[in-house]
Amino acid sequence: MEKVQPKDWIPLIKPYTKPSVARSLRQVADTLLPLLALFYLAHKALSASLLLALALDFVAALFLVRLFILQHDAGHGSFFPKKWMNDLLGFFAGVLTLVPYHHWQLSHARHHATSGNLDKRGVGDIYTMTLDEYLKATPWERLRYRLYRNPFVMFFLGPIYVFMLSYRLPLGYGSEKPSVRNSVALTNLFLVLLWTGIYLGFGLKTLLLVYLPIQYFAGMVGIFLFYVQHQFEDAYWEHDPRWEHLKAAMEGSTYLKLPRVLQWLTGNIGFHHIHHLAPKIPNYHLPKVQEEVDLVKVAPTVTLKDAFKIAFADMHLHDEKRRKLVGFKEAHRLLREESAAPESV
């Protein structure tokens with residue numbers, strides 16, 4: 001896309017950045033109340049059918065994903081007009097989603113500031129090696145990266161590691177900050193109280209077969225959504241100082257066009273290109289921006305069917321020469337050719 005200066009596009013976006021307290025509170029209610037109701041129904045269903053309980057767990061998990069999107073908006077300061085209101089919702093939503101609010105908020109802000117930047121990878125993103133880096137890596141480094149990018153590890157083991165284990169410790173970016181460490185500790189304290197309450201009020205069986213599956217399914221959906229919205233074949237990657245925020249948003253994020261029900265349950269996160277362009281826009285204004293602002297219509301559109309293909313495609317390495325993602329098969333073909341080539345005298 002042609003170079004567009006911030007002074008040209010910011011006025012187009014700014015009118016959509018004003019949150020509505022009434023609308024935000026309505027979203028909290030229409031997310032939290034069904035989540036609690038589905039948890040109770042799944043608890044009751046355990047006595048009749050484990051499969052029915054797990055089915056209800058999955059539906060509840062979609063509402064938990066929606067709750068995370070509200071927490072996500074709060075983390076950007078876009079859900080309520082007042083910081084204390086965003087922080088209050090963000091913290092308590094974080095207890096339910098297993099995501100310590102201030103810890104996540106810091107790393108996610110870094111993700112927004114560096115998405116698609118080859119010189120600033122590794123914080124709040126799906127780490128992506130370049131093809132050259134992979135070819136120069138040791139066999140152990142290549143194996144470790146392949147395991148990390150394996151769909152089974154990413155989507156089935158990832159939720160356990162990311163949400164249930166890693167977020168319980170103040171590790172990684174910003175971990176030296178007292179606010180981050182306190183956020184993790186306080187979230188863990190409230191989690192212990194929540195787990196104790198579920199155990200005493202509903203029993204161990206509900207804790208293991210309702211609460212934990214809801215968390216696991218929500219983690220799977222969350223990682224899937226995040227993955228397919230940045231890991232597509234022609235995704236934008238660039239080095240400093242050529243990296244551009246507008247291009248990173250419009251060419252490095254997808255418009256994930258979901259069925260209306262899933263769009264609602266996922267809090268309009270499918271309009272990810274708009275969100276990356278202007279994270280101060282509340283989720284409920286994103287569809288209107290897509291409809292009314294021509295600037296954002298250049299982003300690649302991906303359907304749910306396309307998204308599943310992306311999730312399991314062999315596209316894991318950024319080829320800087322061709323400016324596209326390529327697969328491990330391509331990389332190992334090059335390695336074989338390199339090893340078979342005669343040594344120069």
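The UniProt annotation "transmembrane region", from an unreviewed entry, covers residues 48–68, 88–104, 152–171, 183–202 and 208–228. Such annotations may be inferred rather than shown by experiment. The model is predicted: local features need pLDDT of at least 70, side-chain atom pairs count only at pLDDT 80 or more, and totals for chains, interfaces and linings use all residues. Residues are numbered from 1 along each chain as its sequence is written, and side-chain values use heavy atoms, without hydrogens and water.

Residues 48–68 are 90% helix and 0% strand, with end C-alpha atoms 30 Å apart. Residues 183–202 are 100% helix and 0% strand, and their end C-alpha atoms lie 28 Å apart. The chain holds 16 helices and five strands (DSSP runs; helices are H or I of at least four residues, strands E of at least two).

Buried residues make up 50% of the 345 in the chain (buried: under 20% relative accessible area, 1.4 Å probe, protein chains only). Helix H2, residues 21–45, has 25 residues and reaches 36 Å from first to last C-alpha, close to the 36 Å expected at 1.5 Å a residue (1.5 Å times one less than the number of residues). Its buried residues include Ser24, Gln27, Phe39 and His43. Cover for the buried residues of H2 includes helices H3 (50–75), H4 (83–97), H9 (178–202) and H10 (204–228).

In helix H11 (residues 245–252), the buried residues are Leu246, Ala248, Ala249, Met250 and Gly252. They pack against helix H1 (6–13) and helix H13 (272–277).

Along its principal axes, the C-alpha trace spans about 75 × 45 × 40 Å.

Technical notes:
Contact means heavy atoms within 4.5 Å.
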